[in-house]
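Please examine the sequence and the structure shown below.

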Amino acid sequence: MRGLLLLCVVVLIQLLASQTDAQVPKTPKSKWQTLTGFSPRVIARGGFSGLFPDSSIDAYNFAMLTSEEDVVLWCDLQLTKDGAGICFPGLTMSNASTAEAAYPNGTNTYLVNGVSTQGWFTIDFSLKDLTKVNLIRGILSRSERFDGNGYSILTVQDLNTQLKPQGLWLNVEHEAFYAQHNLSMTTFLTTASKTIIIDFISSPEVNFFKKISGRFGKNGPSFVFKFLEKEAFEPTTNRTYGSILSNLTFVKTFASGILVPKSYILPLDDKQYLLPYTTLVQNAHKAGLEVFVSGFANDVDIAHNYSYDPVSEYLSFVDNGNFSVDGVLTDFPITASASVECFSHMGRNATKQVDFLVISKNGASGDYPGCTDLAYAKAIKDGADVIDCSVQMSSDGTPFCSSSIDLGNTTMIAQTPFRNRSINVPELSSLGGIYTFSLTWPEIQNLTPAISNPYRAYNMFRNPNERNAGKLVSLTDFLNLAKNSTSLSGVLISVENAAYLRENQGLDVVKAVLDTLTETGYTNITTKKVMIQSTNSSVLVDFKKQSKYETVYKVEETIRDIEYSAIEDIKTFASAVVIVKSSVFPDAQGFVTGQTNVVERLQKSQLPVYVELFQNEFVSQPYDFFSDANTEINSYVTGAGVNGTITEFPFTAARYRRNRCLGSKETPPYMAPVQPGGLLEVVNHASLPPAEAPNPVFTDADVDEPPLPPVTAKPPASTPGTPGSPAKPSTGAQAPSGQSRLTLSLLLPVLAMLLASFLM
């Protein structure tokens, strides 16, 4: 009960008390292509099992408090030795519980559907025995912080009496197994139904439905036949589930609905891309069967077509213009609820419900190689307000867009003869690199770009089919593209390494940017907003002296506070500030620990605040945001009140601000911002992450910089532009022939880039 009481307090704070009962009006019945015409049901598998241990009291409670009002709670029904019905995700308790620790000698081996299976079976323990067993996470990639909360295994009666759910779904996976051990699932269900309202009963066994047919009366539960993998055999008929699928009229004789994996409707190819949808939903609806779909979770790999956005996946099943499934079975019911109630039936031109800038990061770099023509075109199409260009300089003085001054980070240059141009530049990196100023623009222009894969370590790769698509663009081409767009409000030009380029390469990036803006028709006052961003105050001071473009100061460090004197200094050369996400919501070990006052302080001084970096991959977000980029954006925009988001996935942010729940009089719980630090309040004290050193305070000293140095002329290279003639390394011995010899320290980074390029 401790966890439940704490959770109730936290969630009530989180949802601002009065919002817990707020619901947006249901989408009109006529808009849904479900069998009944009503909106699809959200079924919470084991409650909010994507966060809390499956089937725990907090998982169920949290699902009810954060989902649509008629959310259905799913219970995987198991029987104990004394015939009690419990909610537990598996036939054996080896996973997702502490049974092994509580009963080290409690393992047994039984035949399950003809397969010898070893484990801690529920049939070997009485309900009293199980009071010593607690629920823990069953999927190891999820947080272990709630494992120490001592969650008891719930009976079906516990679930009903303690939470009184609006909908209850009992899933019976192994009725035949229990019957073999003289335990009757039929008896339990018919007895329980006298005191509990059971809305749905599902099972993958045909014979089970024949046993319970007619035992519940006209107002009894709906029967849903659960399909397993197509190649698996149904034990009663000895037919594969795939073959049963071809005879839905047979299924209709004993069930009113079917539950199928996602792949039955939207199959994937071997590269994790969607194939054309099947006609299963339409066929089932013609047969009078509702269609429920299983397998939804925010923290699993999904089709590349969805760009790691779980809302996009839900919408492809419930609002695709061709059909709508009748319900989704999910570990994250908050996202499913928002998808159905907030994001469905919403066109690209829907009215914005909240105002903030959507600023791209290297274009739509989550879908295409960053700073390419394709990435920028998609960012515009996806609804970005501002597209960005991180300006780099080629050796012949052409400014162009690239996220890194090291071409090895953004292109396949390591697989070209230009790899010999790797040099050591301590001012830029402790490792060697192939820098933009070592190649001419014609040489760079022909390089093959490479998509960024920041979460390769998690085996998460972005759009592999397009990993080398597109062309790098010059600043001129970038500005012309933006100028010709009718939807963009402006551009953001990022300038870094200006001092080094002036002193060591004879390149004036400030002058190059200003000249290009003039040449492309961007005068100081234009219809398109021009923002110049830098982490160096000296760069912005220089721009401010020479132009009237907006200047944006970027604080790339994580800070916990900012002194007012530092803000006053910033205001002398900048009109807005960019900070990182953790300077708003600091986190430790994957949990948000609180909220700073940095945004509030900057805005009180009339400085808009833009925050980076927003990404769709769930591993980029603390657990507090439920592995959902939409929840994260919502918490920064409506919770912290930031003025803009800088994102690699502009579509997600642009769609978020059009969702109709933001325009409702009362915010529904599935669109409420998270309470910073709220989840940590539910963690047992012994399981809390260790305290970390506080982040620094940003002061005047962090702002002050000497002026930019003058441009130092660089002597011309002896053989410029020749792929076989590398730029002279900053260190290195001379070979007897007089040619430069690459040292081992220069070759190692090239070898590393070669290896990385093969993994891109």
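In this predicted model, helix α2 (residues 57-66) crosses helix α4 (residues 156-163) at roughly 40 degrees, and the two axes come within 11 Å. The crossing of α2 with α4 is right-handed. On the α2 side the contact is made by I57, Y60, N61 and M64, which meet L159, Q162 and L163 of α4. By class, the residues of this contact comprise 5 nonpolar and 2 polar, with no charged residue.

A second pair of helices may be described in the same terms. Two packed helices are characterised by the angle between their axes and by the distance between those axes. For helix α15 (residues 475-483) and helix α17 (residues 509-519), the angle is about 40 degrees and the axes lie 10 Å apart. The pair α15 and α17 is therefore oblique as well, and its crossing is right-handed. Here L475, T476 and L479 of α15 meet V513, T516 and L517 of α17. The residues of the contact between α15 and α17 divide into 4 nonpolar and 2 polar, and none is charged.

How many cavities of 30 Å³ or more does a search of the whole structure find? The search finds 5, and the largest cavity holds about 80 Å³ of space. Its lining consists of V311, I334, T335, A338, F343, D628, N630, T631, N634, Y670, M671 and A672. Two helices, α12 (333-343) and α21 (629-639), each supply at least two residues of this lining. Of the elements involved, α12 gives the most, with 4 residues. In composition, the lining of the largest cavity has 7 nonpolar, 4 polar and 1 charged residue.

Two features of the backbone remain to be noted. The peptide bond from E612 to L613 is cis, its omega being near 5 degrees. L613 belongs to strand β28 (residues 609-614). Elsewhere, N238 has a phi near 60 degrees, a positive value in a residue other than glycine. N238 is located in the loop that lies between β11 (233-234) and β12 (239-240).

Conventions: Residues numbered from 1 in each chain as written. Predicted model: local features only at pLDDT ≥ 70, side-chain atom pairs only at ≥ 80, totals over all residues. Heavy atoms only, no water. Axes fitted to C-alpha atoms, helices over the stretch in contact; angles between N-to-C directions. Parallel < 35°, antiparallel > 145°, perpendicular 65-115°, else oblique. Left-handed = near helix turned anticlockwise from the far one by under 90°. Contact = heavy atoms within 4.5 Å. Nonpolar A, V, L, I, M, F, W, Y, C, P; charged D, E, K, R; others polar. 1 Å grid on protein atoms, 1.4 Å probe; cavity = no way out; pocket = protein on both sides within 12 Å on 5 of 7 lines; lining within 4 Å. Points joined across faces, edges and corners; volume = space filled by probe spheres on them.
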